[in-house]
Amino acid sequence: MSENSKIILTAEDGSEEVFFVMEKATIAGGEYLLVADSEEEDAEALILKGEHTAADEMMYEVVEDEKELKIISKYFEELLEDVELRLE
C-alpha cells in the first residue's frame with residue numbers, strides 16, 4: 001500500500017470517517033487492513049476485516065474477536081518492522 005492511502009468508512013448511521021491505510025494483508029483467506037486515525041506516531045489504529053457484498057463492494061468491520069485480533073496484529077507488527085501495536 002502506498003504510504004498516503006486513505007479510506008473513507010461510512011457507518012450505519014451514514015456518518016463518514018477518514019482513516020490512513022498503513023498496510024493491507026490477506027491472511028487465511030481474509031482481507032485485513034491496518035488503519036490509523038492520523039499519520040502521527042502515536043495514532044489510534046484499528047484492524048479491519050473486509051468482506052465482499054452481493055453488490056461486489058467491500059464492507060469492512062472492526063476486528064473485535066480477541067484471538068483473531070492478537071494473531072492479525074502480530075502479523076502486521078512483523079510486516080511493518082517500525083510499528084508497535086498495543087491492544088487495549
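Student: Of the 88 residues of the protein, what percentage count as buried?

Tutor: This is a predicted model, and in it 30% of the 88 residues count as buried. The protein has 1 helix and 5 strands, and along the sequence they follow the pattern β-β-β-β-β-α.

Student: In what order do the 5 strands stand in the sheet, and is the pairing parallel or antiparallel?

Tutor: As a general idea, strands of a sheet pair through backbone hydrogen bonds, either parallel or antiparallel. Here the 5 strands form an open sheet with the order β1-β2-β3-β4-β5, and the pairing is antiparallel. The edge strands, each pairing on one side only, are β1 (6-10) and β5 (58-62). If direction is ignored, neighbouring strands of this sheet are turned by 45° against each other on average.

Student: How many bridges join β4 and β5, and how many residues lie between them in the hairpin?

Tutor: The antiparallel pairing of β4 and β5 extends over 5 bridges, and one of the residues to look for is Tyr 60 in β5, which is the bridge partner of Gly 50. The hairpin formed by β4 and β5 has 5 residues between the two strands, and in its turn Asp 56 has a positive phi of about 60°.

Student: What comes between β5 and α1, and is Glu 64 buried or exposed there?

Tutor: A loop lies between β5 and α1, and Glu 64 is found in it. Because its relative accessible area is 70%, where over 50% counts as exposed, Glu 64 is exposed. From C-alpha to C-alpha, Glu 64 and Leu 46 are 9.7 Å apart in space, while in sequence they are 18 residues apart.

Student: How many residues does helix α1 have, and how far does it reach?

Tutor: Helix α1 covers residues 66-79, which makes 14 residues, and from its first C-alpha to its last it reaches 20 Å, close to the 20 Å expected at 1.5 Å a residue.

Student: Which residues of α1 are buried, and which exposed residues are on the face turned away from them?

Tutor: The buried residues in α1 are Ile 72, Ser 73, Phe 76 and Glu 77. Seen down the axis of α1, the buried residues fall within an arc of 145°, so they line one face of the helix. The face turned away from this buried side carries the exposed residues Lys 67 and Glu 78.

Student: Which strands do the buried residues of α1 pack against, and at what angle does α1 run to β2?

Tutor: The buried residues of α1 pack against β2 (16-27), β3 (30-36) and β4 (45-52). The helix lies across these strands, and α1 runs at about 85° to β2.

Student: How many aromatic pairs does a search of the whole structure find?

Tutor: In general, a pair of aromatic rings is described by the distance of the centres and the angle of the planes. A search of the whole structure finds 1 aromatic pair. Its rings are those of Tyr 75 and Phe 76, with their centres 6.2 Å apart and their planes at 70°, so the pair is edge-to-face.

Student: What relative accessible area does Tyr 75 have, and what is the value for Phe 76?

Tutor: Tyr 75 has a relative accessible area of 35% and is partly exposed, whereas Phe 76, with a relative accessible area of 0%, is buried.

Technical notes:
Residues numbered from 1 in each chain as written. Predicted model: local features only at pLDDT ≥ 70, side-chain atom pairs only at ≥ 80, totals over all residues. Heavy atoms only, no water. Helix = DSSP H or I, 4+ residues; strand = E, 2+ residues; numbered from the N terminus. Expected span 1.5 Å × (residues − 1). Buried < 20%, exposed > 50% of the residue type's maximum accessible area, 1.4 Å probe, protein only. Arc of directions from axis to C-beta. Contact = heavy atoms within 4.5 Å. Pairing = 2+ DSSP bridges. Axes fitted to C-alpha atoms, helices over the stretch in contact; angles between N-to-C directions. Phe/Tyr/Trp six-rings, centres within 6.5 Å; stacked < 30°, edge-to-face > 60°.
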